[in-house]
Amino acid sequence: MIIYEPAGKAREYAALAANLYSGCGHGCKYCYAPAVLRRDKEQFHSTPKPRVNVLTELYKDCQQLKRKDVPPILFSFTTDPYQPIEVEHKITRAGIKMLHDYGLSVEILTKGGMRATRDFDLLKEKDAFATTLTFLNSRDSEKWEPNAALPADRIRAMKLAYSKGIRVWVSLEPVIDPEQSLEIIRLTHMFVDLFKVGKLNHHPLEAEIDWYGFGWKAKNLLEKLGCNYYLKHDLRQKMKKAI
């Protein structure tokens, strides 16, 4: 199966998801996917490719789900639907069309920036476009996410989606520089329908960040600006520290 039910922390993002590619060329330093999938990290980032028979398997899943009341299917968790090789393979575009053919909706989660705008013509009322934003500073982004679209490029894609009436949400996870994450909220809330805020996991820097302070600053700022938001369980737990 290509469409599956995420478990654990991923469940907070989507009830159904599909990973159309194996590996991801963005090469993010904080990427958890190789460890979860028990893949060599270098190979995972250097040799991404479409999953074997991906569209055939997606077709089978769509047939089973058609006419059922199912939530949107997220593209993607362990890879990026608009990593550079999507320009050639167009698997994500084909996948969106297939979901729609069977009355299903899609939520895109990507660091691909303007690469994703190619498919905005396909997105409908029940679909959504989401972007992971970790930094505003291009130098930091190039260090941590060397092959992903730069922050300004991602924000440009978000603005375009919003202007076309596409529902837009932002994943503020991982949080590596709390002040930059807070500034992202300030600079983008005018064209974001929902913020999903998490923390940093599985990285030594996690222990150096004041999650209690960041969590409450983020919550207070989001409420002050009138934003819709969701705080992930891990962050909420850190915010329970006694004063």
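Visitor: Before we start, what does "buried" mean here?
Guide: A residue is buried when its relative accessible area is under 20%. This is a predicted model. Trp144 has 12% relative accessibility, so it counts as buried.

Visitor: Where is Trp144?
Guide: Trp144 is in helix H6, which covers residues 138-144.

Visitor: What does Trp144 touch, skipping residues up to four places away in sequence?
Guide: On that count, Trp144 touches Gly27, Cys28, Lys29, Tyr30, Phe135, Ile176, His203 and Leu205.

Visitor: Tyr30 is on that list. Where does Tyr30 lie?
Guide: Tyr30 lies in the loop between strand S3 (21-22) and helix H1 (33-37).

Visitor: Buried or exposed, that Tyr30?
Guide: Tyr30 has a relative accessible area of 11%, so it is buried. Leaving aside neighbours within four places in sequence, its contacts include Lys111, Thr134, Glu145, Pro174 and Leu200. Trp144 and Ile176 are also in contact with Tyr30.

Visitor: How far is Tyr30 from His202?
Guide: Their C-alpha atoms are separated by 7.9 Å, while Tyr30 and His202 are 172 residues apart along the chain.

Visitor: And how far apart are Trp144 and Leu65?
Guide: In space, 38 Å from C-alpha to C-alpha; in sequence, 79 residues.

Visitor: Leu65, then. Which residues of H3 are buried?
Guide: Leu65 is one of them, together with Val54, Leu58, Asp61 and Cys62. Seen down the axis of H3, these buried residues fall within an arc of 100°, so they line one face of the helix.

Visitor: What covers them?
Guide: The cover for the buried residues of H3 includes strand S1 (3-4), strand S4 (49-50) and helix H5 (91-101).

Visitor: What span should H3 have, and what does it have?
Guide: H3 has 12 residues, 54-65, and at 1.5 Å a residue it should span 16 Å. The C-alpha atoms at its ends are 16 Å apart, so the two values agree.

Visitor: What comes just after H3?
Guide: Arg67, which takes a positive phi of about 65°.

Visitor: Changing topic. How many helices and strands does the protein chain have?
Guide: The chain has 10 helices and 10 strands. Its radius of gyration is 17 Å, close to the 18 Å that the globule rule gives for 243 residues, so the chain is as compact as a globular protein of that length. Along the principal axes, the C-alpha atoms fill a box of roughly 55 × 40 × 30 Å.

Visitor: How much of the chain is buried?
Guide: Of the 243 residues, 51% count as buried. The accessible surface comes to about 11800 Å², and 52% of that belongs to carbon and sulfur atoms.

Visitor: What about the largest nonpolar core?
Guide: The largest nonpolar core has 59 residues. Those with the most contacts inside it are Leu20, Phe75, Leu99, Phe129, Met158 and Phe195. Helix H9 (residues 211-224) gives the largest share of this core, 5 residues. Another core, of 9 residues, lies apart from it, with Tyr13, Ala14, Leu74 and Phe77 among its members.

Visitor: Back to Phe195. What is in contact with Phe195, leaving aside neighbours within four places in sequence?
Guide: Its contacts include Val170, Leu172, Ile185, His189, Leu222 and Tyr230.

Visitor: One more: where is Ser171, and what does Ser171 touch?
Guide: Ser171 lies in strand S8, residues 167-172. Its relative accessible area is 2%, so Ser171 is buried. Not counting residues up to four places away in sequence, Ser171 touches Tyr13, Leu109, Thr131, Thr132, Leu133 and Lys196.

Notes
Residues are numbered from 1 along each chain as its sequence is written. This is a predicted model: local features need pLDDT of at least 70, side-chain atom pairs count only at pLDDT 80 or more; totals for chains, interfaces and linings use all residues. Side-chain values use heavy atoms; hydrogens and water are left out. Helices (H or I, at least four residues) and strands (E, at least two) are DSSP runs, numbered from the N terminus. The expected span of a helix is 1.5 Å times one less than its number of residues. Buried means under 20% relative accessible area, exposed over 50%, partly exposed in between (1.4 Å probe, protein chains only). The arc is that of the directions from the helix axis to the C-beta atoms. Contact means heavy atoms within 4.5 Å. The radius of gyration is taken over C-alpha atoms; the globule rule is 2.2 Å times the number of residues to the power 0.38. Accessible areas come from the Shrake-Rupley method with a 1.4 Å probe; for residues, only the protein chains shown count as cover. A nonpolar core is a set of buried Ala, Val, Leu, Ile, Met, Phe, Trp, Tyr and Cys residues joined through side-chain atoms within 4.5 Å.
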